[in-house]
Amino acid sequence: MNTLDHTLQQLLWEGTVIPAHPLALNEDRTIDEVHQRLLTQYYIASGAGGIAVAVHSTQFEIRDPEVNLFETVLKWASEEVEKAQLNRPFIKIAGICGTTQQAIQEATIAVKYGYDIGLLSMGGLQTWTEQAILDRVRAVAAVIPVFGFYLQPAVGGRIFSYSFWRQFAEIENVVAIKCASFNRYQTLDVMRAVANSSRREQIAMYTGNDDNIVNDLMTTYTFPVAGENISIGFKGGLLGHWAVWTAKAVELLQEIKAYKQQPNNCTASQLLSKGIAVTDSNAAFFDPANAFHGCIPGLHAVLCRQGLMKGIWCLNPEENLSVGQQEEIDRVYSDYPDLNDDEFVKEFLKSRF
């Protein structure tokens, strides 16, 4: 069994920014190697503590036989991290999905390219029992440390019971769980399950709730467990939203950590207001007004605007910005100028070209 390096476990526990890595394409929808590698370099330069590759933001179609990019994106991202010769810990996370057989195969490829953790999607398993899914988690955890993933139903996930998460948390080699249920009740189920688990000191909680990032990171969850109050909280974020404006996301997490060290009402109020601005921006990028249809091209539109991608093309030609989405992105750029990292990106690109 591959286990997580202690230094990386410590980084995960302290909390860090982990962007969900997009896929850079040419106009003919072939992969754009220059900008794919450039994106990885940008996340490293921005101060992120890791990257998640071959995830939803990288487009699930990379696994289609006629596309066949799963191994390529893992390889290139890993090579760029290696080339950077970082003197700080950096976590490489590979997206893993599909049936148990496919998930084990993907986990094996991830290990081959030096990935530290597998982000295990529960998507596409609507007909499976919860026990069958737990068996799948155990099988993958025998190959690579597992980052659990509660994915909202709107983009292919499903709702799980409290009992499911309670059993999930007890699985050896589960090192973290990402809540991306976009639902407070379902998020609460996972937090309570982990608090009641014997492994609560081994599982780092990460927000994937792009609609509630700041609030998630600021909140302490306290539950009565066996006669004592147990407090847990989100350590950091593994987010599609943090695939853009990443340098500012790093600053935001630092601000929240400082607040948690020395809480005061003034800082709390400022952070909560900033959280509303972040959520409003996310609505422009993720397109909830149209059932998240434009969530991937929305991220591409920002990266393209900054010069980090050539265009907003997706592998699926039907995946485009929704009507009015570009205007919404323009609006949040205008309304919240302090949230973008355009100046950072400008200097970054000067150093690359």
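Select arginine 63 and glutamate 106: their side chains are joined by a polar contact of 2.8 Å. Keep in mind that this is a predicted model.

**Stop 1: arginine 63**

Stay on arginine 63 and colour the elements on either side. This residue sits in the loop that runs between strand 2 (50-53) and helix 3 (70-84). Is arginine 63 buried or exposed? Its relative accessibility is 18%, so arginine 63 counts as buried, the cut-off for that class being under 20%.

Leaving aside neighbours within four places in sequence, arginine 63 is in contact with Ala54, Phe70, Gly95, Ile96, Cys97, Gln102 and Glu106.

**Stop 2: lysine 248**

Move to helix 9 (residues 246-261), where lysine 248 has its place. Lysine 248 is partly exposed, with a relative accessible area of 25%. Which residues does lysine 248 touch, not counting those up to four places away in sequence? Select Asp338, Leu339, Asn340 and Asp341 to see them.

Then draw a line from the C-alpha atom of lysine 248 to that of isoleucine 296. The two residues are 48 residues apart along the chain, and these atoms are separated by 20 Å.

**Stop 3: helix 11 and helix 12**

Select residues 295-306 for helix 11 and residues 325-335 for helix 12. Two packed helices are described by the angle between their axes and the distance between the axes. Here the axes come within 11 Å and cross at roughly 55°. That angle makes helix 11 oblique to helix 12. Turn the view to follow the crossing, which is right-handed.

Which residues meet across this pair? On the helix 11 side, pick Gly298, Ala301, Val302, Arg305 and Gln306. On the helix 12 side, pick Gln325, Gln326, Ile329, Asp330 and Tyr333.

**Stop 4: cysteine 314**

Finish on cysteine 314. This residue is buried, with a relative accessible area of 0%. Which cysteine has the sulfur closest to that of cysteine 314? Select cysteine 295. The two sulfurs are 8.6 Å apart, too far for a bond; a disulfide needs them within 2.5 Å.

Note on methods. Residues are numbered from 1 along each chain as its sequence is written. This is a predicted model: local features need pLDDT of at least 70, side-chain atom pairs count only at pLDDT 80 or more; totals for chains, interfaces and linings use all residues. Side-chain values use heavy atoms; hydrogens and water are left out. Helices (H or I, at least four residues) and strands (E, at least two) are DSSP runs, numbered from the N terminus. Buried means under 20% relative accessible area, exposed over 50%, partly exposed in between (1.4 Å probe, protein chains only). A polar contact is a pair of N or O atoms within 3.5 Å; within protein, one must be able to donate a hydrogen and the other to accept it, and residues adjacent in sequence count only if both atoms are side-chain atoms. Contact means heavy atoms within 4.5 Å. Axes are lines fitted to C-alpha atoms, for helices over the stretch in contact, and angles run from 0 to 180 degrees between N-to-C directions. Angles under 35 degrees count as roughly parallel, over 145 as roughly antiparallel, 65 to 115 as roughly perpendicular and the rest as oblique. A crossing is left-handed if the near helix is turned anticlockwise from the far one by less than a right angle, and right-handed if clockwise.
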